Amino acid sequence: MLMADQEMKTTAPDTGLRIRTEVKVPEAAVAARAGGEPDIVCRNVNLSYGDNHVLHDVTMDMEDRRVTALIGPSGCGKSTLLRCLNRMNDLIDNVKVWGEIKVKGLDINAPTTDVIEVRRRVGMVFQKSNPFPKSIYENVIYGLRIAGINDRATLDEACEHSLRGAALWDEVKDRLDESGLGLSGGQMQRLCIARAIAVEPEIILMDEPCSALDPIATLKIEELIYQLKERYTIVTVTHNLQQAARVSDKTAFFWLGRLVEFGPTAEMFTAPKDKLTEDYITGRFG
Amino acid sequence: MASGTASDAPRTAAPPRSKWTRGEHLIWLTGSALGICLLMILGLLLVILTNGLGMFWPSRIEQLTLKDGSVLAGEPVQRQAIPNPGQPDHLKKHRVQLKVGNRDLYGFDFKWVDESEIAKREEAAGLYLIERSEYGPLIGTPVKVVEGEKEIATGAAAVRARLPELVAKADRDREAVKAIEKDEIGGVNYTLERIRLDRRKLDYRLKQDPSRDQSAERRALEKREQEQKARYAELEEKLAKRMEAATGTRVTFRTVDGQEKELRALDVYRAYPANELSWPGRARVYGSRLWSFLTDEPREANTEGGIFPAIFGTVMMVFLMSLAVVPLGVLAALYLREYARQGPLVRTVRIAVNNLAGVPSIVFGVFGLGFFVYFVGGGIDRIFFPEALPTPTYGTGGILWASLTLALLTVPVVIVAAEEALAAVPRSMREASLAMGATRFQTILRVVLPAAAPGILTGLILAMARAAGEVAPLMLTGVVKLAPELPLDGFFPFFHLDRKFMHLGFHIYDVGFQSPNVEAAKPMVYTTTVFLLIIVVLMNITAITVRNYLRQKYKTSAF
């Protein structure tokens, strides 16, 4: 365990550097970002399940076309925060959220906000790949179907485009009519990513997308995240610190429902400001 | 198992487990419980199958000459020891029961004969068993065939040669007569009835609005009625001619005690020489009897003929019930599982639904009679068919009300099964759909329901099996001993959901316990039971096939 951590510490900065140097942010996006506020703005976000206060005053911004990783021990609230960003917590009884969350300027918890619209704009990929028991084709275009699009040509194009975007097209193009459940674990997870990007969201949330995958499949997803970053803002929860170091631009460390430290990944893994962060990333607890 | 701490320490043997803790007793106990269940089910099936399917087998006819000189012939049915308690011959002597037939001549179908009184027992050659339209079978030897006034065959051999042809012709004649009576005259009658109702409708309207001029409508009705009546007269004549042609031929048989009986050839359904049939011949008779049992209508107060209307009624009733119960049950389960806030109220509702399955079915029958037949049906009559009143149209028992009553009876089964199926759909699948921006409704329609379909079908299978076997509520809501018309026929609007119908379960009760001739009808009861079981099994197999197909299609990820 210790050895692994040391190794990580030595490799992490390189990876972070690589990402920062190679990322190409389109001019328009830079212009937009220069004037406006970050993609996702969280101000004093609190959440409680009944009497159980889970998130305490989380304040952080997630920038446009960047990967933000949320790390922390189990039960620290990182997944809960992630699920706040597309209001998936609405599905649980007795949940109360307060504080402000703005996605592209839209206050998603405002009473006038349409939760369907929020979820369409903020896609999500889950820890356990969950394709529908339908064909690969139907899986990818599910979001379009529910939006009422039934034009075959549009759907075909969206399917191919999304599968290419999820780096799955070459593997499945000849068997689009087969069940999505016949794919391998990694392919299923990429299918879920294709499904999420088919509706052209602005933000993609990933809840431990690689935790159930083998290292090779994990690598593919990580490469994919790296590519997707050019077009989407990505927030990912991960337990794999190396992964956080490899794919993210900024990292947030949570502990007991509080945001302990939030900053550029390279800095965080090389020179954490907080003692807790240091203890966690060096493997002293968690 | 070994508890030694060091490798060189002596192995301390684990204490031997007693047989009790090893659980072998439990294996025996569970095994025998299953065995007893299987044994009882197999025994029941065996009794039903042997009695039911044996009915069609043409058995031999024994001719008995008694010591007093009288002669009897019949199919031996059973043999039993004669009880004579306290006497030395108690259960030593035996008697046999013969199915002697010829009810019109003897006044009975069955006769017990003490074996001690029998002088001679033989399987006499030349004895025929004739199935005919009335009075049960006739047993005797053929004597002559008469056509009009002319004798065209005399003597056993000559008649025998002509019999197959006669029977075949009788079949054709019956078909032709039935076609005229049922389809053509039936059609005219149906139209006449409609005209009568149309006229009553006009009368009814006149009462409400006396100023309206109805003369044109009435003239049209008058004209249609005249046409139909002319057609009716025409058909009557055609039928009379056909009958005349068909009834000209008559066959005479002589029973073993010398009485002669003349039958119209038209009335002969089947005739075979019981003691001279080869095995293939017997198999043919068996097959033909089985076929006519399945496809014919009942005769003679249901104790003879077939059960086709009952099969049809049962299947259609179960079908209608399924159409009603699945949407109702699934929608209720959806609300309970997907929308309702889980709490004490929902728990109470769930318990209540489960308990509903324990309400005696006759109570559902009474409810169906009061609510569906009198309230809903009566309401429909008042609004849509006021001209026919006081004759009810929907305000009386019918296949629709019976199906709805059974749907109510079986809806708890479907709700429980559907709820479990919905609960088994993985949460991750719902979340995936909702996270895509689907509404709850879209998620249910596109993801949850397809995935839950196999489980819902399991509920339907259970419901169908229960509904097909239920009789008591039907007796109050629309089943009859003999329905002259099927609920589905060629006359517009084809489905006549207001009609009464026949049902296999009720048929069993009716033939077995309400029949004027219970003894003769006993095999019918078994056979009807066999076919009720077969139909339930067939319907279940269909539903199971659909379910397996859906399971294959929507099998959820194993990962």
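**Exercise 1. In which strand of chain B is Ala81(B) found?**

Solution. Begin with the ground rules. This is a predicted model, in which local features need pLDDT of at least 70, side-chain atom pairs count only at pLDDT 80 or more, and totals for chains, interfaces and linings use all residues. Residues are numbered from 1 along each chain as its sequence is written, while chains are lettered from A and ligands numbered from 1 in the order in which they are written.

Step 1. Helices (H or I, at least four residues) and strands (E, at least two) are DSSP runs, numbered from the N terminus. Ala81(B) is found in strand S2 of chain B, residues 71-81.

Step 2. Check burial. A residue is buried if 20 or more other C-beta atoms lie within 10 Å of its own, exposed if 12 or fewer, and partly exposed in between, with C-beta atoms placed from the backbone. Ala81(B) has 12 other C-beta atoms within 10 Å, so Ala81(B) is exposed.

Step 3. List the contacts. Two residues are in contact if their C-beta atoms, placed from the backbone, lie within 7 Å. Leaving aside residues up to four places away in sequence, Ala81(B) touches Leu91(B) and His94(B).

Step 4. Look further along the chain. Arg499(B) is 418 residues apart from Ala81(B), and their C-alpha atoms are separated by 50 Å.

**Exercise 2. Asn44(A) and Asn102(B) each have a positive phi. Find where each one sits and whether it is buried or exposed.**

Solution. Step 1. Asn44(A) has a phi of about 50 degrees, although it is not a glycine. Its place is in strand S1 of chain A, residues 40-49. Asn44(A) has 13 other C-beta atoms within 10 Å, so it is partly exposed.

Step 2. Asn102(B) has a phi near 50 degrees and is also a residue other than glycine. Asn102(B) lies in the loop between strand S3 (94-99) and helix H3 (103-106) of chain B. It has 24 C-beta neighbours inside 10 Å, so it counts as buried.

**Exercise 3. Describe how helix H9 of chain A packs against helix H10 of chain A.**

Solution. Step 1. Two packed helices are described by the angle between their axes and the distance between the axes. Axes are lines fitted to C-alpha atoms, for helices over the stretch in contact, and angles run from 0 to 180 degrees between N-to-C directions.

Step 2. H9(A) covers residues 185-198 and H10(A) covers residues 215-228; their axes come within 9 Å and cross at roughly 20 degrees. That makes H9(A) roughly parallel to H10(A). The classes are: under 35 degrees roughly parallel, over 145 roughly antiparallel, 65 to 115 roughly perpendicular, the rest oblique.

Step 3. The crossing is right-handed. A crossing is left-handed if the near helix is turned anticlockwise from the far one by less than a right angle, and right-handed if clockwise.

Step 4. H9(A) brings Gly185(A), Gly186(A), Gln189(A), Arg190(A) and Ile193(A) to the contact, and H10(A) brings Ala217(A), Lys220(A), Ile221(A) and Leu224(A).

Step 5. Sort these residues. Ala, Val, Leu, Ile, Met, Phe, Trp, Tyr, Cys and Pro count as nonpolar, Asp, Glu, Lys and Arg as charged, and the others, Gly among them, as polar. The contact has 4 nonpolar, 3 polar and 2 charged residues.

**Exercise 4. At what angle do helix H7 of chain A and H9(A) pack?**

Solution. Step 1. H7(A), residues 152-165, packs on H9(A) at an angle of about 125 degrees, with the axes 8 Å apart. That makes H7(A) oblique to H9(A).

Step 2. H7(A) passes H9(A) in a right-handed crossing. Ala158(A), Ser162(A), Leu163(A) and Gly165(A) of H7(A) meet Ala194(A), Ile197(A) and Ala198(A) of H9(A).

Step 3. By class, this contact has 5 nonpolar, 2 polar and no charged residues.

**Exercise 5. Which residues have the most contacts inside the largest nonpolar core?**

Solution. Step 1. A nonpolar core is a set of buried Ala, Val, Leu, Ile, Met, Phe, Trp, Tyr and Cys residues joined through C-beta atoms within 7 Å.

Step 2. The largest core has 146 residues, and Ile204(A) and Ala418(B) have the most contacts inside it. Helix H10 of chain B, residues 399-424, gives the most to this core, with 17 residues.

Step 3. Among the residues that Ile204(A) touches are Val125(A), Ile197(A) and Leu228(A).
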